[in-house]
Amino acid sequence: MLQIEPELELTVVLTVVSGREAVRENLDALTPQIDFDKAEIIVPFDGPSGDVGSLAADFPKVDFCFIENGVANASMSSADEHRLFDKRRAVGLERSRGRIVAMSEDHALPAHDWIKQILTAHEQPYDVIGGAVENGIEKPLNRALYYCDFGRYGRPLKSTEASYLSDVNIAYKREALVSVQDVWLDAYQETTVHWALKRNGRKLFLDDRPVVYQNRKGITFVNALNERVGWGRIFSETRVREITNLRRVFFAVSWILLPVVMTWRVLGHMHRQEKSIGIIFSTLPVAFILLIAWAWGEFLGYVFGSPKHESAEPTAIQTYPDIRRNNT
């Protein structure tokens, strides 16, 4: 369980998604911003991401913690991989010691002043503050993926209370995380965590000052399609646990309209950012195909998802190697 009283000013939980080299690149950008006397970086990893542990020698002040969850390096679906990401996030949150607990992913490169802006933003009274997400690779597939996931967080944007925030650029006040830890302790999912916080009267805030850059190198179109199906299914399976059966049927039946609605939103985000006609026409068809895959994944989740929450098996955690805080 997450202890109530903080020991440090800040924790950064870095979720492994793209793997070892993405983690290295992210830590190269992040560690110069950290005062390790007052803050910590936690990188949870497991069997499928085991080579990340070899970076501990290069970043001795970073807390690399190995999750003994019994998962082998066998081939997994995108949905299964996403569940591992959620478990890694939960382990990092539970292990955190900071008054402010920030979270990002390995391929979301932080701006040079990301830490400073996170702490400055949290001088405000909001319990949860998310930042801007920008596209870092100017290729049609990367742009399409970016706008499918993060278009609403692209600058320019207005700092304001928000209904949605992204877990690739987010920071919580510790007491907010403690208040809903039963929701995320087995696996962190941003939607359920934020729904629970809002039910408790806590507010989400979108601040344009902390910025990360989506930098997914080497992803293929086929992998992107499989990912959309799997992640769409995860989203709808999560939603099933929060809605009535009537709404579940409605969402399942109307999945066919979802790609059109979401593509229209993508176009709106691109227009807001004043993208050129050439950029729009090279990106929008790719985004539309990806959103068809997402909608199909949502449909599968509504049809086959269980309305009951199933707790994960207990997870053992160990440091890797045994140098956790001796060098801080």
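Let's start with two helices that meet: H2 passes H8 in a right-handed crossing (right-handed means the near helix is turned clockwise from the far one by less than a right angle, and left-handed means anticlockwise). Helices here are DSSP runs of H or I with at least four residues, strands are runs of E with at least two, and both are numbered from the N terminus. This is a predicted model, in which local features need pLDDT of at least 70 and side-chain atom pairs count only at pLDDT 80 or more, while totals for chains, interfaces and linings use all residues. Residues are numbered from 1 along each chain as its sequence is written, and side-chain values use heavy atoms, with hydrogens and water left out.

**How helices H2 and H8 pack**

- Two packed helices are described by the angle between their axes and the distance between the axes.
- For H2 (residues 78-95) and H8 (residues 221-240), the angle is about 60 degrees and the axes are 7 Å apart (axes are lines fitted to C-alpha atoms, for helices over the stretch in contact, and angles run from 0 to 180 degrees between N-to-C directions).
- That angle makes H2 oblique to H8, because under 35 degrees counts as roughly parallel, over 145 as roughly antiparallel, 65 to 115 as roughly perpendicular and the rest as oblique.
- On the H2 side, the contact is made by Ser78, Ala79, His82, Arg83 and Phe85, and H8 brings Asn226, Glu227, Gly230, Trp231, Ile234 and Glu237 (contact means heavy atoms within 4.5 Å).
- Sorted by class, the contact of H2 with H8 has 4 nonpolar, 4 polar and 3 charged residues (Ala, Val, Leu, Ile, Met, Phe, Trp, Tyr, Cys and Pro count as nonpolar, Asp, Glu, Lys and Arg as charged, and the others, Gly among them, as polar).

**How helices H4 and H8 pack**

- The axes of H4 (residues 140-150) and H8 cross at roughly 10 degrees and come within 11 Å.
- H4 is therefore roughly parallel to H8.
- Leu141, Leu145, Cys148 and Asp149 of H4 meet Phe221, Ala224, Glu227, Arg228 and Trp231 of H8.
- The residues of this H4 and H8 contact divide into 6 nonpolar, no polar and 3 charged.

**Buried places**

- Helix H7 (residues 190-199) has Thr191, Thr192, Val193, His194, Ala196 and Leu197 as its buried residues (buried means under 20% relative accessible area, exposed over 50% and partly exposed in between, with a 1.4 Å probe and protein chains only).
- Their cover includes strands S6 (128-135), S8 (169-173) and S9 (204-214), along with helices H5 (174-179), H6 (181-184) and H8.
- Ala121 has its place in helix H3 (residues 114-121), and at 1% relative accessibility Ala121 counts as buried.
- Leaving aside residues up to four places away in sequence, Ala121 touches Ile129, Asp207, Arg209 and Pro210.
- From Ala121 to Val23 it is 98 residues in sequence and 25 Å in space, C-alpha to C-alpha.

**Cysteines**

- Cys65 is buried, with a relative accessible area of 0%, and Cys148 is buried at 15%.
- The count of disulfides is 0 (a disulfide is a pair of cysteine sulfur atoms within 2.5 Å).

**Backbone details to look for**

- The peptide bond from Arg155 to Pro156 is cis, with omega near 0 degrees, and Pro156 is found in the loop between H4 and strand S7 (160-161).
- Glu274 is a residue other than glycine with a positive phi, near 55 degrees.
- Glu274 lies in the loop between helices H10 (258-272) and H11 (277-304), and at 72% relative accessibility Glu274 counts as exposed.
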